[in-house]
Amino acid sequence: MTPLSVQTLAMAIQAVDAEIRRIKSAVDGDLAELEPGDQELLLAFSQAAAELKAAYLELRLTAPGAPPYEQLVGKG
C-alpha cells in the first residue's frame with residue numbers, strides 16, 4: 001500500500017468528520033430519527049473516522065509539525 005502524506009490523511013479526516021456532522025445535523029442530533037440507511041451510513045463513517053484517527057496518530061509520531069488530531073475535527 002502506498003503511504004499517505006500527513007496532508008492527505010488530514011484532509012480525509014476532515015472530510016469524514018464533515019459528513020458525520022452533516023448526517024447528525026440533518027436530524028438535529030437526534031440519531032433515533034435517522035432512517036435505517038442513514039444509520040448504516042453514519043456507522044460506516046464513524047468506523048472510518050476511528051481508523052483514520054489511529055492512522056493519523058501513528059503517522060504524527062514521525063511528522064512533528066502535523067497539527068493535533070483535535071484541530072482537524074469539529075467539536076461535538
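A search of the whole structure, which is a predicted model, finds one aromatic pair. The partners are Tyr56 and Tyr69, whose ring centres lie 6.4 Å apart with planes at 55 degrees, so the pair is classed as tilted. Tyr56 belongs to helix α2 and Tyr69 to the segment after α2, so the pair ties together parts that are 13 residues apart in sequence.

- Tyr56 is in contact with Ala66, while Tyr69 contributes to the lining of the largest pocket.

**Helix α2**

- Helix α2 spans residues 36–60 and contains 25 residues.
- From its first C-alpha to its last, α2 reaches 36 Å, close to the 36 Å expected at 1.5 Å a residue.
- The buried residues of α2 are Leu42, Ala49, Leu52 and Tyr56.
- These buried residues of α2 pack against α1, the helix formed by residues 6–25.
- An α-helix has 3.6 residues a turn, so residues three or four places apart point the same way.

**Ala66 in the segment after α2**

- Ala66 is located in the segment after α2.
- With a relative accessible area of 8%, Ala66 is buried, because this value is under 20%.
- Once its neighbours within four places in sequence are set aside, Ala66 is in contact with Val6, Tyr56 and Arg60.
- Ala66 and Leu9 are separated by 57 residues in sequence, and their C-alpha atoms are 11 Å apart in space.

**The largest pocket**

- The largest pocket holds about 150 Å³ of space.
- Two elements, α1 (6–25) and α2 (36–60), each give two or more residues to the lining of this pocket.
- Its lining consists of Ile13, Val16, Asp17, Ile20, Ala49, Ala50, Leu52, Lys53, Tyr69, Val73 and Gly74.
- By class, the lining comprises eight nonpolar residues, one polar residue and two charged residues.

Conventions: Residues are numbered from 1 along each chain as its sequence is written. This is a predicted model: local features need pLDDT of at least 70, side-chain atom pairs count only at pLDDT 80 or more; totals for chains, interfaces and linings use all residues. Side-chain values use heavy atoms; hydrogens and water are left out. On a 1 Å grid over the protein atoms alone, a cavity is a set of points where a 1.4 Å probe fits but cannot get out, and a pocket is an open set with protein on both sides within 12 Å along at least five of seven lines; lining residues have an atom within 4 Å of a point. Grid points are joined across faces, edges and corners, and a volume is the space filled by probe spheres set on the points. Helices (H or I, at least four residues) and strands (E, at least two) are DSSP runs, numbered from the N terminus. Ala, Val, Leu, Ile, Met, Phe, Trp, Tyr, Cys and Pro count as nonpolar, Asp, Glu, Lys and Arg as charged, and the others, Gly among them, as polar. Rings of Phe, Tyr and Trp (its six-membered ring) pair if their centres lie within 6.5 Å; planes under 30 degrees apart count as stacked, over 60 as edge-to-face and the rest as tilted. The expected span of a helix is 1.5 Å times one less than its number of residues. Buried means under 20% relative accessible area, exposed over 50%, partly exposed in between (1.4 Å probe, protein chains only). Contact means heavy atoms within 4.5 Å.
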